Amino acid sequence: MARAFVIMGVSGSGKTSVAKMLSESLNCSFLEADEFHSQSNKEKMNRGIPLCDEDRIPWLEALRDAIGRKLVSEETAVLACSALQKRYREILRSADPDYVVGDYDCCKIKFICLVAPVEKLAERLNMRSEKGEHFMPASLLKSQMELLQIFDYERIPQIDSTMNLQSILDRVLNLIDCK
C-alpha cells in the first residue's frame, strides 16, 4: 500500500536529514518542502519576515498535489515539511483521496514530529546560516515555535532529535512498522 510519511517540526529539528535517510531505507521518493517554496517566500524568510497563511497555502497545496501524485501512482514517499499547524496538516492529508477528516488512523499520510530544546535548534540554525546552507535565519525560530501545535487526538509521535541520526531513524522505522 502506498503511503506518505511526513517528517515534521520546526526549522533546525533535523527533518531533511531524517527524511532522506527514511526514504533511502524505504527505497522510495524523497520530497523536500523547501524546494516547493516560491522565490518570494524564500526571500521573505531570508529577510527574517515570517510567512503568513497567504504565503503558506499555495506552498502546502503544491506539496499536497505532489504527495497525491505519488499515492495515485501507488508510490510511497517521504516528505520533510514543517507542517506546524493542524490546518496545514489537513491540507497535506487531503492528498489521500480516501481521507475522511478526523480519521487519522486510516489516512495514508502519517506525521512524525522531531523535537529538540530551543537552544539546540537555534545553535543548528546559526551554524547553517553561517555556512550559507539555508535561507531560514535563527531569528524566525520563535515564530515557528509559537505556530507549532500538535493535538493528542492526532496521535503524532514526537521524537527527540538530539539523538544521533541512526537512533532517530530506528525509532521512526519502529513507529511506521506499527502502522
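Let me start with a term: a polar contact is a pair of N or O atoms within 3.5 Å, and within protein one of them must be able to donate a hydrogen and the other to accept it. Keep that in mind as we look at this structure, which is a predicted model.

Here is where we need the term. At the start of helix α7, a side-chain oxygen of Asn164 comes to within 3.1 Å of the backbone nitrogen of Gln166.

Let's stay with α7 for a moment. This helix runs over residues 165–177, 13 residues in total. From first C-alpha to last, α7 reaches 18 Å, close to the 18 Å expected at 1.5 Å a residue. Which of its residues are buried? They are Ile168, Leu169, Val172 and Ile176. These four sit on the same side of α7, because they cover an arc of only 95° around the axis.

On the face of α7 turned away from the buried side you will find Asn174 and Asp177, which are exposed.

The largest nonpolar core has 34 residues. Leu63, Ile67, Leu79, Cys81, Leu92, Ile109 and Phe111 have the most contacts inside this core. Several elements give two or more residues to the core, among them β1, β3 (77–80), β4 and α5 (118–131). The largest share, 6 residues, comes from α3. There is also a second, separate core of 15 residues, and its members include Leu22, Ile112, Ile159 and our friend Leu169 from α7.

Setting aside neighbours within four places in sequence, Phe111 is in contact with Val6, Met8, Ala83, Arg89, Leu92, Arg93, Ile156 and Pro157. Two arginines are on that list, Arg89 and Arg93, and that takes us to the charged pairs.

How many salt bridges does a search of the whole structure find? The count is 14. I picked out three of them.

One pairs Lys44 with Asp55, with the closest N and O atoms 2.7 Å apart. Lys44 lies in helix α2 (residues 39–46) and Asp55 in helix α3, so this pair ties together parts that are 11 residues apart in sequence. Is Asp55 buried or exposed? Asp55 counts as buried, because its relative accessibility is 17% and the cut-off for buried is under 20%.

Next comes Arg93 with Glu90, where the closest N and O atoms are 2.9 Å apart. Both residues lie in helix α4, 3 residues apart, or about one turn of the helix. Arg93 is buried at 2% relative accessible area, and Glu90 is buried too, at 15%.

My last pair is Glu123 with Lys120, whose closest N and O atoms are 3.5 Å apart. Here both partners are in helix α5, again 3 residues apart, about one turn. Glu123 is partly exposed, with a relative accessible area of 41%, and Lys120 is partly exposed as well, at 29%.

Finally, some salt bridges share partners, and in this way Lys86, Arg89, Glu90, Arg93 and Glu154 are joined into one network. Both Arg89 and Arg93 in that network are also contacts of Phe111. Thanks, everyone!

Definitions and conventions: Residues numbered from 1 in each chain as written. Predicted model: local features only at pLDDT ≥ 70, side-chain atom pairs only at ≥ 80, totals over all residues. Heavy atoms only, no water. Expected span 1.5 Å × (residues − 1). Buried < 20%, exposed > 50% of the residue type's maximum accessible area, 1.4 Å probe, protein only. Arc of directions from axis to C-beta. Core = buried A, V, L, I, M, F, W, Y, C linked by side-chain atoms within 4.5 Å. Contact = heavy atoms within 4.5 Å. Salt bridge = Lys/Arg side-chain N within 4 Å of Asp/Glu carboxyl O.
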